[in-house]
Amino acid sequence: MSRSSMPPLGPRTMLASMALVEVASGATQQYLPPILPGLGAQAGIGTAQQNWIIVVQMASCAVLTPVLSRLGDGFGYRRLLRASIVMVVLGSLVMALRPTLPFLTLGAALQGGVVGFMPLMIGVLRHQQGEAASRRGIGVLVGALLLAVGCAGIVSGAVGAHDARLGLWIGVGAGVLGLAAGFLLPDGATPAAGARRFDVPGFVLLTAGLVGVVVALAQGAAWGWTSAATVGCGLVGIVALAGWWALELRVAQPLVDVRMFRNPRVAVLSVVTFFVSAATIGSIAVNATFLGASPRAVGYGIGLNATAIGWALLPMTLASVATSALTPVLLRRLGERVTVAAAGATTLLGFGFLFVCHTGLAHYLIASLFVGAALGLFESATRTLTVEAVAPEDTATAAGVNELVLSLGSAVGSAVLGAALAAYATDGGRVALGGYTTGWALCAAAGLAAALAVLKLRPAASAAPSATVPEGVHQ
């Protein structure tokens, strides 16, 4: 049967295929950190070099986010989605076959293609089913992503406890699953005329800017925040980003249409995304170290082992899955302002509670439910409302802008919390409890800032016209 004669996927089958792609995305993003220490011991890779692998992955994600989204609007969402999945499969395969530092670094860079999954599928979803159905669909995709992230850490940790190299094949299996599901999906609308022009100067400046900033933030604690390397990388990144912003305002077909930030809805949603992602995602590693800290040794912490930490993080994941699924209902019944503000408010409540009560596992689990609720709300609501604020042909680009802000917020949050811990570190490397409480206070403040920003969110009537729903398509 030829491709043109193949029957189209029904809405539910299409959404199920997309959910499988997001399962692959979540597994790819989470399976590596739990097994890196074991890989380091087996392959002689030091702690700093292990961190560098994650830095490369973060930088690749930051660079590829706007690139894949822009190319998706110009060349077709399905085509770029498949290319992104192939990148991830190749990266995972390279790492599994040759688990040495150079190949692990190369594989991590290729895995950065995972950032294209969500914005490209949102493009397909919006053009195939329209905005009403896409709201529900985005909630399902975010839920699948977050659930996969939570489960992947547990599975990877269990496999890696026996053989870290064997754990690398989890990424290969996840990528193949995503590739199979991705080939079932239909495409979106026909690309607009002229949308295939690629802004090479903008790409170069954006790459230099993001790499400079991300590397400075990620390595600042190791290099020293006032060291020449950190300051130099940061300055190069800032100057390059400033030049890129000025360039994008002048070119006809920019890599990222920064004029989108003139749209008040996009601007407010970007602020919320930045602050809530900085707190909820940026704190995951710090919270894991607190869970693993031994009260007998340092006077605080829960004293959990690696496997128990994975299980302790699961309630937060389940809460995020539940709220992401409920987001379309909340948007309809409570309105946009209340729903988006709830993401900031639950961030404030969760970290505020943790700041006050942190002497037992029950305290952490209660706080994590609020943080998980915030995670699911903001990931689903801001993605949905951002793409609805622009014209249909700019769907993937707008979703990519949201993903880019999320990536930067997570990196900044992680760096700031790392700096808080470093400020309370002793000569022996032990961190005082004040480092954690300061970090939690900053996260609570970020939640408050996000909630207050929502006061500027304009009604939906000012957004771009809705995409039409093809006749006979429903969910």
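The structure I am reading is a predicted model.

**Entry on Glu336 and Arg265**

I looked up the salt bridges and noted a count of three. The side chains of Glu336 and Arg265 form one of them, and I wrote down 2.9 Å between the closest N and O atoms. I then checked where the partners sit, and found that Glu336 belongs to helix α16 (residues 336-356) while Arg265 belongs to helix α11 (residues 264-280), so this pair links distant parts of the chain, 71 residues apart. Applying my opening term, I recorded Glu336 as buried and Arg265 as buried too.

**Entry on Arg383**

I turned next to Arg383, which forms a salt bridge with Glu379 at 2.5 Å from N to O. Both residues lie in helix α17 (residues 361-388), and I noted that they are four residues apart, about one turn of the helix.

I also found Arg383 in a salt bridge with Glu403, where the closest N and O atoms are 2.6 Å apart. Because Arg383 lies in helix α17 and Glu403 in helix α18 (residues 395-423), this pair ties together parts that are 20 residues apart in sequence.

I asked myself why Arg383 counts as buried. Its relative accessible area is 4%, and the cut-off is under 20%, so Arg383 is buried.

Technical notes. Residues are numbered from 1 along each chain as its sequence is written. This is a predicted model: local features need pLDDT of at least 70, side-chain atom pairs count only at pLDDT 80 or more; totals for chains, interfaces and linings use all residues. Side-chain values use heavy atoms; hydrogens and water are left out. A salt bridge is a side-chain nitrogen of Lys or Arg within 4 Å of a carboxyl oxygen of Asp or Glu. Helices (H or I, at least four residues) and strands (E, at least two) are DSSP runs, numbered from the N terminus. Buried means under 20% relative accessible area, exposed over 50%, partly exposed in between (1.4 Å probe, protein chains only).
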